[in-house]
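Please keep the sequence and the structure in view while reading.

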Amino acid sequence: MKIFFLILAILSFSPARASDTQQVMDEQPDAYCHWQVTDYAIVEPLCGLVGKAQRGREIVSDSSRGNCLACHEFPIPDIEAYGNIGPPLTGIASRLPTTMIRLRVVDTRKINPMSIMPGFYRDPLLINRPGKGYRGRTFLTAQQVEDVIAYLATLK
Ligand code: HEC
């Protein structure tokens, strides 16, 4: 089961899938907003945006966007299976403040350099040899990251 989800996770971040690539190429990349780490946290919302929890909930379970549930369990009913490579995120907001959750989602390697969790909002210029569709872009947009964070902040 673990291996299955790992493969699922890897596949979903491989830009080689033709349908996604086309969609990605058709959109213009948003301007990248720089962020700053203070005490294992990112205090300021990305680009000063306000997230919407309802949209975030959709993004975490969307295999072409966040696909977080390939590796994490969430308190969302009617999902057939979750991955368990990462810790369950039920109750995450009582374990971590929002500012620390933000760094986890944006670039968890700032905390654990060996992490297999993708950095969803790393500076595109730092990404080593990105796949075609991902050149100059982040895995999630700043708005999507803030939506995901707003959703995680409700998981107390
Ligand atoms: C490829 C697997 C994988 C994917 C996909 C993934 N994560 Fe993770 N995540 C992990 C692992 C493994 C950890 C444990 C810490 C580490 O290794 O960095 C983790 C840790 C976390 C933590 C900290 C949990 C804690 O209890 O401290 C948060 C929050 C988190 N992930 C959120 C997300 C969100 C939101 C998404 C989707 C946008 C996501 N993850 C996608 C593997 C993944």
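This is a predicted model: local features need pLDDT of at least 70, side-chain atom pairs count only at pLDDT 80 or more; totals for chains, interfaces and linings use all residues.

An oxygen atom of the ligand is 2.7 Å from a polar side-chain atom of S115, and for R95 the distance from a polar side-chain atom to an oxygen atom of the ligand is 3.3 Å.

Two or more residues of the shell come from each of α1 (2-13), α4 (92-95), α5 (98-107) and α6 (142-152), where helices are DSSP runs (H or I) of at least four residues, numbered from the N terminus.

## The shell as a whole

The ligand has 25 residues around it, and C68, C71, H72, S115 and M117 come nearest; a residue counts as near if one of its heavy atoms lies within 4 Å. The shell has 16 nonpolar, 7 polar and 2 charged residues, with Asp, Glu, Lys and Arg counted as charged, Ala, Val, Leu, Ile, Met, Phe, Trp, Tyr, Cys and Pro as nonpolar, and the others, Gly among them, as polar.

## Helix α6

Of the 11 residues of α6, 10 are buried, meaning under 20% relative accessible area with a 1.4 Å probe and protein chains only. Among them are E146 and D147, and the cover over the buried residues includes α3 (53-60), α4 and α5.

## How the model was read

Residues are numbered from 1 along each chain as its sequence is written, and side-chain values use heavy atoms, without hydrogens and water.

Terms used. A polar contact is a pair of N or O atoms within 3.5 Å; within protein, one must be able to donate a hydrogen and the other to accept it, and residues adjacent in sequence count only if both atoms are side-chain atoms. Buried means under 20% relative accessible area, exposed over 50%, partly exposed in between (1.4 Å probe, protein chains only). Contact means heavy atoms within 4.5 Å.
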